[in-house]
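Welcome! Work through the exercises below with the sequence and the 3D view side by side, and try each task before reading its solution.

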Amino acid sequence: HKNLQLLSSGQIELAKMLLEMGQSHLFEHWADPGVDDEEKKGFFDQVDRLNSSYPGGLASYVKSARQLLADSQAGKNPFDGFTPSVPKGEVLTFGDEDFINFEEAGIREAQKAAFVLVAGGLGERLGYNGIKVALPAETASGTCFLQYYIESILALQEASCRLVQGLSPPNGGCQTRIPFVIMTSDDTHARTVELLESNSYFGMEPAQVKLLKQEKVACLDDNDARLAVEPRNKYRIQTKPHGHGDVHALLFSSGLLKIWHDAGLRWVLFFQDTNGLLFKAIPASLGVSSTRQYHVNSLAVPRRAKEAIGGITKLTHADGRTMVINVEYNQLDPLLRATGQVDGDVNDETGFSPFPGNINQLILELGPYIEELTKTGGAIKEFVNPKYKDASKTSFKSSTRLECMMQDYPKTLPPSARVGFTVMDAWLAYAPVKNSPEDASKVPKGNPYHSATSGEMAIYRANSLILRKAGVQVANPVQQVFNGQEVEVWPRITWKPKWGPTFAEIKRKVCGNCIISQSSTMVIKGRNVFLEDLSLDGALLINAVEDAEIKVRGSVQNKGWILENIDYKDASVPEQLRIRGFRINKVEQFEKNYSEPGKFSLEP
Ligand code: UGB
C-alpha cells in the first residue's frame, strides 16, 4: 500500500488482479517508496508481459495451475477412462512406387505450404552451450541445421514451381516464396537472428523468414499456485519455458495464418531443431496429407519400447470417443499397464514397439487449423510435472510451471477431424541431436543414441542407402566407436538439398556403373551435377553455381579424408566437434569449382 502512489492506473489493475489471485506474498518484501523504484516498475512490466502473452491472462494461468496441481497431488490419471490401442496409418517404404507417387503429390503441394520451426529450447540434455540450429548437421560439408532447413525449403519451392508451373528456376520467373517461421525464446532469439543475418539468411529472402518469440511462464512454488519469486531479484517472478505447444497461440495471434489462408496456402508443417534427415521425408508425407485429406498428419518412425520418443496411440474412451494422439514416453508404459497390458511398453515380434514413434513433425491443413484456433485461441491442453519432496505431495523440491506440447493440438478437435500419421523408415526420417556424449553412451544397446555422433553418421548412412537404391554400388559400413558409442560409418556422402529434393530427382542424377568405397567422401555443392560411371575411392568435392551443368565420370582415387577420434573431455577442441567424438582430417582430395554457367564434362 505504501507504494500505491508510484503506480499508474494500469499497474494498480495488475496489482489488484494479483491480490485477488492470492499472490500478496509477491509484495511482502518491497522496500518503501524511494528505494528500488525502478525495479518495482520492472516488476509490473514483467507482470504485464506474463499477463498479455498467455491466452486468458495470468488469472487464467493460476486457475489452471491450481486445478492441474490438485489433480497431480490426487494422482489423477490424465487418461482416465481411455483404453490405448495401435492406430492405423500410412506406412511407407522408401523408393517403391507408392513412395515415388506420394513424393510427386507432395512436391505439387509444396508451393501451398508454410514451414514452422520450433527452436525455443536450449537443449539442456545435449549439454551444448550454443543454439542447436547453429550446430553442423554433418562436418563433411559443415552445413548447420538452420542452413540445411532453409536450403531444403528453397529446394522444395523450386521443385514445386518446376513441376506445377513448368518453370525452370533460378531465372525462370518462379514467384512462389514458401513462408518460413522460426519460434524462438529469450534463450535463443538473439543468437538465431545473428546466425541468419551473418549468413545472408542462407540464401532465403529475408522477408520470407519471420521470427516469433515465445515468452516464458511464471513458476509455481506450491499446490496453491503461489507464483515463485526470482531467487536473485525479489522484484521479479521466476519464469521457465512453457514448451513447444506455444507455437499455436503465437501463430494465431501473429495474424500469419490468415495472411497465408488469403494467399491460397493449404498446409502448415511444423518441425524441431535438430533432425538432419527430416526433409528426405517431407515430400512423401505432404503427399500423404493431400492424398488422404488428413487435417492432421504426424510423422512417425518405428519405435523401440521405452525409447525416449512419444508413441502415436489410439485412445478409446468408455463413452465411445476416440482420438489418435501422441502419448509421451514416460506415460505410455504406465497407461498400458493400467489398462490390462501387464508387460507395459514392450517390443513385439518385429523387435519394435507396436506404437509408432512420434518424431514431432506435424502437417496441418490450414483451413481446419484456423477454424479450430478461432475457437481455442491456440491454447493447448497443459500439464504439470512437479518434483515433490516426499510422498505427501505437499511441497516441491524446486518450483514448477505449466507446460504444453505442440503435438497435443488434436486433443481439442471434434471426432469428425481427420487425424492420421505416416510411418517412415527411421534411417530415412529421424536422427535428432539431443543427448550429451555421457548420456548417449549409457543408452541401452540397440536403442538409438540421438547424439551429435549418431546424428551425423545417420546422414551419411541415409545418403549411402539412397544412392544404393538409385543404383550406385556403395560399400558396406564399418563399425567404429566415438565418445563411447558404437556406430556404423558409411562413406561420408552429402549433397545440397537442390541436388536431390526427391528420390526421382536423385535417380535422374546418377547413371551407368558408379562405385563408392567405404573410406570415401563425396560433397556435392551444386544443383546439376550428374554422376556417370564414377568410381570413387578418396575424397571428391564439387562446388558449382546453380546453372552450371556438370557430368562427372571416370575414376577418382586419393588419400581422402580420415576420421580421427577426439575425446569429448578434451577442452582444447571446439565444443561442436567434441560432442561428436571425431574430426575430419582432410589429407587429400579432388576438388573442382565451377563459377560460371555452362555445360561441363569432368573426367578426372
Ligand atoms: N522447444 C521450444 O521451441 N520451446 C520450448 O519451450 C521447448 C522446446 P526437445 P522433447 O523428437 O524425440 C519432443 O526438448 O520436448 C523446441 C516430443 O515432445 O528436443 O523432450 C526445441 O527447441 C516427443 O514426443 O524434445 O520431446 C525443439 O526444437 C518426441 O517426439 C523441440 O521443441 C521428441 O521431441 C523439441 O524439444 C523427439
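**Exercise 1. Which residue takes a positive phi in the hairpin of β11 and β12, and how many residues lie between the strands?**

Solution. Step one: the hairpin has 4 residues between its strands. Step two: Gly320 takes the positive phi there, near 100°. Helices (H or I, at least four residues) and strands (E, at least two) are DSSP runs numbered from the N terminus. This is a predicted model, where local features need pLDDT of at least 70 and side-chain atom pairs count only at pLDDT 80 or more, while totals for chains, interfaces and linings use all residues. Residues are numbered from 1 along each chain as its sequence is written.

**Exercise 2. Find the strands that pair with β11.**

Solution. Two strands pair if DSSP finds at least two bridges between them. Start with β12 (residues 322-327): β11 pairs with β12 in the antiparallel sense over 6 bridges, and Lys314 has Val324 in β12 as its bridge partner. Now go to β1 (residues 82-85), which pairs with β11 (residues 311-317), also antiparallel, over 4 bridges. Here Thr83 stands opposite Thr316.

**Exercise 3. Describe the shell around the ligand.**

Solution. A residue is near a molecule if its C-beta atom, placed from the backbone, lies within 6 Å of it. There are 23 residues around the ligand, and Gly120, Gly121, Pro241, Asp273 and Gly310 come nearest. The elements giving two or more residues to this shell are β4 (180-185) and β13 (353-365). β13 gives the most, with 3 residues.

**Exercise 4. Which residues touch the most other members of the largest nonpolar core?**

Solution. A nonpolar core is a set of buried Ala, Val, Leu, Ile, Met, Phe, Trp, Tyr and Cys residues joined through C-beta atoms within 7 Å. A residue is buried if 20 or more other C-beta atoms lie within 10 Å of its own, exposed if 12 or fewer, and partly exposed in between, with C-beta atoms placed from the backbone. The largest core has 142 residues, and Val116, Met183, Leu269 and Ala429 touch the most other members. Helix α5 (residues 145-165) gives the most to this core, with 10 residues. A second, separate core of 25 residues includes Val47, Val62, Ala65 and Ala228.

**Exercise 5. What share of the protein counts as buried?**

Solution. Of the 604 residues, 46% count as buried.
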